[in-house]
Amino acid sequence: QVQLVESGGGLVPAGGSLRLSCADSGRTFSRSGLGWFRRYPGKPRVPVATVTWSGRSTYYTDAVKGRFTISRDNAKNTVYLQMNSLKPEDTAVYYCAGQDDASGSWEYWGQGTQVTVSS
């Protein structure tokens, strides 16, 4: 059973940094893409950053380019999101996600972790 467990959220002032971690405790994602999504209140989840199984290819939404860095450690079955220069508009619930091997769709989700950036 797939279990993605996030950690690292919290409250930080604008300009600060946080690092989110997501550990796969039930299945190895070493051959699958991993990503971070976020959800604003009343809105659907949207992708923030994704990384391929090799770690060589990444995607970032424009709003976080140059500030956030996604990385993965397949030996630890863990994906990270380093968030620097945080802004109040980064306040959201952040979800770790894993791709299904066959379909490539984002099928697996963590429980979410709140990130709050104060102005």
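A nonpolar core is a set of buried Ala, Val, Leu, Ile, Met, Phe, Trp, Tyr and Cys residues joined through side-chain atoms within 4.5 Å. The model discussed here is predicted. Its largest nonpolar core holds 23 residues. Trp36, Phe68, Ile70, Val79, Leu81, Met83 and Tyr94 touch the most other members. S3, S4 (34-39), S5 (46-51), S7, S8, S9 (92-99) and S11 (113-118) each supply at least two of its residues.

Leucine 81 shows what such packing looks like. Setting aside residues up to four places away in sequence, leucine 81 touches Leu18, Arg19, Leu20, Trp36, Val48, Ala49, Phe68, Thr69, Ile70 and Tyr94.

Now step back to the fold. The protein chain has zero helices and eleven strands. Along the sequence the pattern reads β-β-β-β-β-β-β-β-β-β-β. The radius of gyration is 13 Å, close to the 14 Å that the globule rule gives for 119 residues, so the chain is as compact as a globular protein of that length. Its C-alpha atoms fill a box of roughly 40 × 30 × 25 Å along the principal axes. Buried residues account for 39% of the 119 residues. Of the contacts between residues at least 6 apart in sequence, 54% join residues at least 24 apart.

Four of the strands form an open sheet in the order S1-S3-S8-S7, with antiparallel pairing. Strands S1 (4-7) and S7 (68-73) are its edges, and each pairs on one side only. Neighbouring strands in this sheet are turned by 15° against each other on average, direction ignored. Inside the sheet, S3 (residues 18-24) and S8 (residues 78-83) run antiparallel and are joined by six bridges. Alanine 23 has threonine 78 of S8 as its bridge partner.

Two loops deserve a look. Glycine 16 sits in the loop between S2 (10-13) and S3. Is this glycine 16 buried or exposed? Its relative accessible area is 15%, and the cut-off for buried is under 20%, so glycine 16 counts as buried. Beyond its neighbours within four places in sequence, glycine 16 contacts Met83, Asn84, Ser85 and Leu86. The C-alpha atoms of glycine 16 and serine 119 are separated by 11 Å, although the two are 103 residues apart along the chain.

Aspartate 100 belongs to the loop between S9 and S10 (106-109). A polar atom of its side chain lies 3.1 Å from the backbone nitrogen of alanine 102.

Conventions: Residues numbered from 1 in each chain as written. Predicted model: local features only at pLDDT ≥ 70, side-chain atom pairs only at ≥ 80, totals over all residues. Heavy atoms only, no water. Pairing = 2+ DSSP bridges. Axes fitted to C-alpha atoms, helices over the stretch in contact; angles between N-to-C directions. Buried < 20%, exposed > 50% of the residue type's maximum accessible area, 1.4 Å probe, protein only. Contact = heavy atoms within 4.5 Å. Polar contact = N/O pair within 3.5 Å; in protein donor to acceptor, adjacent residues only side chain to side chain. Rg over C-alpha atoms; globule rule 2.2 N^0.38 Å.
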